[in-house]
Amino acid sequence: MRVYLGLAAKRPEAGIPEAVLHTVRASIETAFPVPAEVIRPREWHRPGVSLFAWTNEPDDSRTPPLLATGHDRVTGVNGNLAVPGDVDRLAGAPELSAEAVGGCFSVFRATGTELAAATAIHRVCPVYYAETPDVHVIGSRALLVSLAAFGERIEWDVLALQSMIRQGYFLSDETPYRGVSALPPSSTVTVRGGSRTVTEAPLPVAVAAPSSARRRRALIGGLADALLTSVEPLRAAGEPVNLALTGGRDSRLAAAVLHAAGIPLRATTNGLDSHPDVILAGRIAGALGVEHTVIPPARTERRDAVLVEHPLARTYETLRTCEGMTSAYESIVGYLPYNARPTMSGQSGEVLRAGSFLLLQSDLSPKALRRRIDTTFMRDKALFSAEANDHARELARTWQEREGVEALDQMYVFYRIGRWQAGSRAGSQRRGDPVWPFLDNRVVRAALGLDQAWRLSEEVVHELITTFAPKLRHIPIEGKPWRFTADRRYYPWQRKPGFLTAPKTGGGWSWRTSPGEALSGVLRDHILEHLDLLAPIVSPDEVRKLFAAPVVTKPAQVWHLYTVATMLSGAYPGKAPEGLDEIHVQVPS
């Protein structure tokens with residue numbers, strides 16, 4: 001994981017106050033969620049401009065380097081580049097922009113007269129910015145930006161947290177920290193001569209679905225080329241990529257991309273031998289000639305209860321890792337020492353299928369799409385204060401004024417990837433920097449340029465798989481059939497793509513979603529104890545109704561409330577809670 005923080009004086013001749021530089025150095029242990037002893041710092045200073053960088057990478061072998069220096073300039077890349085040498089392209093461009101560079105990254109650049117940072121098309125490697133009367137602050141961690149700009153006393157943007165309580169992540173460029181904003185996708189923030197500007201590059205406009213085989217091949221070919229380029233850094237890994245493989249669409253495509261690129265891989269699948277994921281992953285691995293390891297679930301004696309971590313401890317660690325951008329309802333990957341071994345999964349493959357907001361829709365009429373936007377931004381209106389609902393309504397207005405299919409497609413990139421995933425992936429980023437082909441800047445740009453209905457049909461993903469690995473053409477998928485096969489007529493000599501469905505079982509119980517009376521009581525007591533802090537956002541009476549029964553019936557909503565209540569109470573940032581007993585949760589019979 002890499003962390004960057006840049007400072008630019010509003011009056012360059014006056015320089016950056018020494019107290020601000022001291023605050024930055026003193027704040028990194030609070031803002032970087034790894035043990036202090038593994039943090040390695042670098043700094044670059046010129047009169048009026050400074051760039052700090054930190055990493056938990058154990059050495060300087062990773063490319064590009066933490067800070068790439070040139071003549072009176074320095075450049076840092078958070079994430080990874082498809083072509084590591086493109087750091088020179090970013091460093092030397094007259095105006096910083098990530099638009100034409102491949103990889104999953106954001107970039108920070110400082111010269112003797114300028115400080116700038118840029119996001120890729122999805123901003124999953126985020127950039128945050130703020131200003132004070134003396135300096136502009138730009139960084140990759142929102143808490144660090146807040147501490148550098150405003151000191152250790154955090155001021156929360158209370159009304160902005162309405163989105164956290166509704167969805168568990170932000171549907172805007174807001175952050176929990178007053179005065180700190182997230183840079184939009186495909187954007188650049190630049191400070192020059194003491195003044196700040198933000199420029200946004202427009203997202204691609206989708207072209208019409210192809211009407212001929214030749215046009216279809218051309219469009220698929222452009223996306224295929226971007227995918228092949230995205231995995232090029234793995235060629236130098238020195239060992240096979242460990243791919244988490246299932247019987248579904250997205251990890252299968254990842255396997256096909258690696259196979260077509262000639263990059264060695266081995267596959268791992270979790271599950272019982274009888275599960276379709278295991279069966280189909282084995283067939284995929286066999287067709288590609290790669291090693292396949294099956295990890296069966298741990299078998300334990302039947303228990304009538306489990307002990308779970310106290311919600312306050314869980315929430316504190318989630319806030320520390322994800323900076324208040326993600327609810328403690330989510331299970332965040334815990335800290336492990338940095339490991340450079342190459343890993344991959346099918347995560348975020350939905351972007352090639354028009355995103356989860358559209359995948360949830362069965363009705364694509366304008367009225368239904370507008371309703372989806374409304375329910376996304378205005379969920380559970382009765383729970384919220386009039387001010388919170390007005391705020392959400394204003395955020396939704398921009399998207400309601402656009403064509404529904406395009407709006408939902410881009411909302412997925414702006415918020416589901418750019419805010420939720422950007423926050424939650426911080427846990428795994430501490431462990432290493434995996435290459436994610438489906439979040440490559442050029443891959444996402446190429447995907448958004450394709451007709452949404454065509455991508456939603458899943459034909460694009462199917463065509464990519466058969467282009468990269470023809471042997472996989474007739475291996476069924478797990479779950480539901482390919483969408484494009486639903487209304488297509490198949491002649492007797494044609495083979496319709498098959499699928500397997502996992503049998504219904506009694507599994508799937510989770511203490512998060514079925515918390516039982518004891519855990520419900522702990523959640524209730526904490527939320528009601530801090531109800532006065534939540535009152536500007538929610539209706540106290542409606543919150544109390546959530547706890548009318550001994551066991552909460554809307555656990556996700558309650559976890560979101562618990563997370564925000566913990567934040568506003570001042571429990572974070574600060575010392576981790578101690579002496580908290582585990583909670584006894586009954587397992588339903």
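Good morning. As the model is predicted, local features need pLDDT of at least 70 and side-chain atom pairs count only at pLDDT 80 or more, while totals for chains, interfaces and linings use all residues. Residues are numbered from 1 along each chain as its sequence is written, and side-chain values use heavy atoms, with hydrogens and water left out.

I begin with the cores. A nonpolar core is here a set of buried Ala, Val, Leu, Ile, Met, Phe, Trp, Tyr and Cys residues joined through side-chain atoms within 4.5 Å. Buried stands for under 20% relative accessible area, exposed for over 50%, and partly exposed for values in between, with a 1.4 Å probe and protein chains only. The largest such core holds 81 residues, and Leu253, Leu352, Phe377 and Leu464 have the most contacts inside it. Helix α12, residues 404-424, supplies the largest share of this core, with 11 residues. Helices (H or I, at least four residues) and strands (E, at least two) are DSSP runs numbered from the N terminus. Another core, apart from the largest one, has 73 residues, including Val24, Val34, Leu312 and Tyr562.

What does Leu352 touch, leaving aside its neighbours within four places in sequence? With contact meaning heavy atoms within 4.5 Å, the partners of Leu352 are Leu223, Leu253, Phe438, Val443, Ala447, Arg455, Val461 and Leu464.

Next, the helix pairs. Axes are lines fitted to C-alpha atoms, for helices over the stretch in contact, and angles between N-to-C directions run from 0 to 180 degrees. Angles under 35 degrees count as roughly parallel, over 145 as roughly antiparallel, 65 to 115 as roughly perpendicular, and the rest as oblique.

Helix α10 (residues 366-377) packs against helix α11 (residues 386-400) at about 155°, and their axes are 9 Å apart. The two helices are therefore roughly antiparallel. On the α10 side, Arg370, Ile373, Asp374 and Phe377 take part, meeting Ala392, Leu395, Ala396, Trp399 and Gln400 of α11. By class, this contact has 6 nonpolar, 1 polar and 2 charged residues. In that count, Ala, Val, Leu, Ile, Met, Phe, Trp, Tyr, Cys and Pro are nonpolar, Asp, Glu, Lys and Arg are charged, and the others, Gly among them, are polar.

The other pair is helix α8 (residues 311-322) with α20, at an angle of about 75° and with axes 10 Å apart. The angle makes α8 roughly perpendicular to α20. Pro311, Leu312, Arg314, Thr315 and Leu319 of α8 meet Trp559, Tyr562, Thr563, Thr566 and Met567 of α20. This contact comprises 6 nonpolar, 3 polar and 1 charged residues.

I turn to the backbone. The peptide bond from Thr63 to Pro64 is cis, with omega near -5°, and Pro64 sits in the loop between β3 (49-55) and β4 (68-70). Tyr572 and Pro573 are also joined by a cis peptide bond, with omega about -5°; Pro573 belongs to the loop between α20 (555-568) and β20 (583-586).

Asp72, a residue other than glycine, has a positive phi near 55°. Asp72 is in the loop between β4 and β5 (73-81) and is partly exposed, at 34% relative accessibility. Ser186 likewise has a positive phi, near 50°. Is Ser186 buried or exposed? Ser186 is buried, at 6% relative accessible area, in the loop between β10 (181-182) and β11 (187-192).
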